[in-house]
Amino acid sequence: IIGQFNLGFIIARLENHLFIIDQHASDEKFNFEMLQQTTSIKRQTLIHPRPLNLPTMDETILQDNIDIFQANGFQFQFNETAAPGHRVCLTQIPYSKSTEFGEEDIHELLFMLRDQPGVFCRPSRIRAMFASRSCRSSIMIGKALTKGEMRTVVDHMGSLFAGKIEQPWNCPHGRPTMRHLIDIGHLISTLTQPRQISPLNDIGTPQKE
C-alpha cells in the first residue's frame, strides 16, 4: 500500500505495477458479493397458491433447480398427477419493504437456467436490492482511511479475484473498482534507454539515410 489519493482512491503496488483503487466501488463490490452469498431472503406466503401454467420444459427446469429458486425466496407446490403445464403452483415469494416480486422474476430465473443449468443466479430485482444495500453500507468517497483500512479494502479485492467472482472490475452500478496505472519497470527501462541522435549535415539538419 503506497497511500490514499484525493480522499477517494488507494494507490497500491504489486511488484513493478501500480494500481489505483476506488475505495467506495471496491468496498461496494465486496459487500455486494457477500450479500449475494450469505443473505437469507425473507418469504411471504400467498393466501392462495397461484398456478403458474409453465411449459413442460420450464416445469422440469424448475424442479431440477428447486434449491436455486428456494434460495431466492420462492416456494412451490408440485402436483405430479396434473396435466403437463399445470403441475406447479407458487406458494411463497420473496419479501422486501421496497421491492415487489412476482412471476416475472421466476421467468427470468428460468431463462438464465436454460443456458446454465445448476449455476446459482439471482433475478435482477434481488441483485438491485443487494446493490442498494451494499452501496449504503460501503466506505464513502471523502473518507480518510488509515493504512489498516486501506489494506482491508485491497485484501477484500484480492479475495474476489481469487474466488473468480464475475466482473470484479466493476461495482454493481458499473463503476470501475480499480485500474492499472503503469509498469514501473517498463517506465525505467524507457527512461534509461540511450537516445539515438541523427548526424547533422553541413547546414545543421539531420541527414537522411
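I would like to begin with a single pair of residues. In E3, which residue is the bridge partner of Leu14?

Author: Before anything else, please keep in mind that this is a predicted model. The bridge partner of Leu14 in E3 is His17. That pair belongs to the pairing of strand E2, residues 9-14, with strand E3, residues 17-22, where the two strands run antiparallel and are joined by 6 bridges.

These two strands are part of an open sheet of 4 strands, whose order is E1-E2-E3-E7 and whose pairing is antiparallel. At the edges stand strand E1 (3-5) and strand E7 (178-183), and because each has a single partner strand, one side of each is left without a neighbour in the sheet. If the direction of the strands is ignored, neighbouring strands of this sheet are turned by 30° against each other on average.

Helix H7, residues 184-192, lies across E2, E3 and E7, and runs at about 30° to E7.

Setting aside residues up to four places away in sequence, Arg133 touches Leu35 and Thr39. Arg133 and Glu28 are 105 residues apart in sequence, yet their C-alpha atoms are 9.0 Å apart in space. Because the relative accessible area of Arg133 is 34%, Arg133 counts as partly exposed.

There is also a second sheet to consider. It is an open sheet of 3 strands in the order E4-E6-E5, with antiparallel pairing. E4 and E5 are the edge strands, each pairing on one side only, and the twist from one strand to the next averages 15°. Strand E4, residues 43-51, pairs with E6 in the antiparallel sense over 5 bridges; here Pro51 has Cys89 in E6 as its bridge partner, and Arg43 stands opposite Pro94 in E6. Strand E5, residues 75-78, is joined to E6 by 4 bridges, and these two strands run antiparallel as well, with Gln75 having Gln92 in E6 as its bridge partner. Strand E6, residues 88-94, has 7 of its 7 residues buried, and E6 is therefore largely enclosed by the rest of the structure.

E6 also takes part in the largest nonpolar core. That core has 17 residues, and those that touch the most other members are Leu62, Phe69, Phe74, Phe76, Leu90 and Ile106. At least two residues of this core come from each of H2, helix H3 (66-71), E6 and H4, and H4 gives the most to this core, with 4 residues.

Finally, consider how two of the helices meet. Helix H2, residues 56-64, and helix H4, residues 103-115, pack at an angle of about 85°, and their axes are 10 Å apart. With that angle, H2 is roughly perpendicular to H4. The residues that meet are Met57, Asp58, Ile61 and Leu62 in H2 and Ile106, Leu110, Leu113 and Arg114 in H4. In this contact of H2 with H4, 6 residues are nonpolar, none is polar and 2 are charged. Asp58, which lies in helix H2, touches Leu110 and Arg114 when residues up to four places away in sequence are not counted. Because buried means under 20% relative accessible area, Asp58, at 4% relative accessibility, counts as buried.

Key: Residues numbered from 1 in each chain as written. Predicted model: local features only at pLDDT ≥ 70, side-chain atom pairs only at ≥ 80, totals over all residues. Heavy atoms only, no water. Buried < 20%, exposed > 50% of the residue type's maximum accessible area, 1.4 Å probe, protein only. Contact = heavy atoms within 4.5 Å. Axes fitted to C-alpha atoms, helices over the stretch in contact; angles between N-to-C directions. Parallel < 35°, antiparallel > 145°, perpendicular 65-115°, else oblique. Nonpolar A, V, L, I, M, F, W, Y, C, P; charged D, E, K, R; others polar. Pairing = 2+ DSSP bridges. Core = buried A, V, L, I, M, F, W, Y, C linked by side-chain atoms within 4.5 Å.
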